[in-house]
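Please look over the sequence and structure before reading on.

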Amino acid sequence: MAAAAALTLGLTTAGSALAQANNFPNKPIRILVPFAAGGTTDIITRAVSDTLGKELGVAVVVDNKGGGGGVIGATENARANPDGYSLSIATVSTVATAPAINPNVKYNPVADFTPIINIAATPNVLVVNPSFPAKSYAEFAKEVGSKPGQYSYASSGTGSIQHMLMELVKTLAKLDMQHIPYRGAGPALNDVVAGQVPMQLDNLPSSMAYIKSNRLRAIAVAAPERLKALPDVPTFKEVGLEPANRMAFYGLVGPKGMPAEVVQKLNAAMKKALQDPAVRKRIEDTGSFIVANTPEEFAQQIKDEFAVYKDVVVQQNLKLN
């Protein structure tokens with residue numbers, strides 16, 4: 001009797017889940033952006049949200065909840081109901097660098113989310129102040145390598161992608177530089193432009209105007225290939241640092257345990273939304289590339305990214321404070 005009751009309950013639960021998935025969506029969907037409004041993550045999310053809502057037939061509401069380098073918002077989403085109505089944007093910060101360096105993060109980036117789709121990715125660029133005595137990566141490596149510990153670099157904060165990616169570069173190139181963390185990318189960039197700090201590994205969109213006006217010099221980019229906007233700047237792969245050829249990304253995730261049918265519906269709808277020329281233009285205007293991959297491919301990206309930065313933390317013995 002007990003076994004029969006358990007079987008009946010299981011079948012009922014499965015049937016109910018399937019019915020909910022078939023009826024999805026039938027109310028507004030919330031996408032939590034774990035950063036303040038106005039940044040690249042927010043811009044990309046808002047660029048696609050209205051068109052995504054039209055594809056799904058319901059409103060898609062974007063909700064910003066910043067703090068803790070994205071960890072506060074990511075933690076909230078990890079604890080949400082996995083019914084497909086509470087989603088969030090995953091970035092390298094939220095699913096790789098922050099959990100890799102911060103033992104107080106309360107979620108597992110690989111196990112506690114349901115990857116849906118990687119929407120877009122943005123190149124990173126190593127820039128120096130024009131007064132820095134190097135115009136190429138070879139000259140950069142020679143100069144820094146000849147003066148171990150004498151040069152410093154700025155970042156948006158300890159555990160940020162800017163910090164961790166530069167530490168990866170240091171590991172690969174066997175360079176010794178001092179880290180100067182700031183409270184955000186903007187203040188860090190301002191001091192590099194002013195010459196207070198000689199270099200930074202920055203998100204391309206925020207540095208591009210300074211590069212074009214010759215107030216910063218680009219040394220190498222983290223991108224699949226050379227950029228049309230910077231045709232003379234090599235990729236990290238070209239200079240022999242292929243593992244550092246890593247871009248920032250902006251993907252859609254939900255809590256773990258989401259029904260596969262719901263994930264597929266969201267993935268298909270997002271792919272259609274990303275085919276809209278106006279949506280593509282708004283995203284590409286940020287300096288980003290459309291990715292639009294499968295849930296399985298995005299899951300592997302998250303796993304790989306976290307593993308890379310966990311290794312950096314161990315190799316460089318990095319601490320939050």
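Helix α4 passes helix α11 in a right-handed crossing, a crossing being right-handed if the near helix is turned clockwise from the far one by less than a right angle, and left-handed if anticlockwise. The model is predicted: local features need pLDDT of at least 70, side-chain atom pairs count only at pLDDT 80 or more, and totals for chains, interfaces and linings use all residues. Residues are numbered from 1 along each chain as its sequence is written, and side-chain values use heavy atoms, without hydrogens and water.

**Helices α4 and α11**
- The axes of α4 (residues 92-101) and α11 (residues 295-316) come within 8 Å and cross at roughly 30°.
- The two helices are therefore roughly parallel (angles under 35 degrees).
- Contact (heavy atoms within 4.5 Å) involves V92, V95, A96, T97, P99, A100 and I101 of α4 and I302, E305, F306, Y309, K310 and V313 of α11.
- By class, this contact of α4 with α11 has 10 nonpolar, one polar and two charged residues.

**Helices α7 and α8**
- The axes of α7 (residues 185-194) and α8 (residues 204-212) come within 11 Å, crossing at roughly 20°.
- That makes α7 roughly parallel to α8.
- The crossing of α7 and α8 is right-handed.
- From α7, L189, N190 and V193 meet S206, S207 and Y210 of α8.

**R280**
- R280 lies in helix α10 (residues 277-284).
- R280 has 31% relative accessibility, so it counts as partly exposed (between buried, under 20%, and exposed, over 50%, with a 1.4 Å probe and protein chains only).
- Leaving out residues up to four places away in sequence, R280 touches L274, Q275 and I290.

Technical notes. Axes are lines fitted to C-alpha atoms, for helices over the stretch in contact, and angles run from 0 to 180 degrees between N-to-C directions. Helices (H or I, at least four residues) and strands (E, at least two) are DSSP runs, numbered from the N terminus. Angles under 35 degrees count as roughly parallel, over 145 as roughly antiparallel, 65 to 115 as roughly perpendicular and the rest as oblique. Ala, Val, Leu, Ile, Met, Phe, Trp, Tyr, Cys and Pro count as nonpolar, Asp, Glu, Lys and Arg as charged, and the others, Gly among them, as polar.
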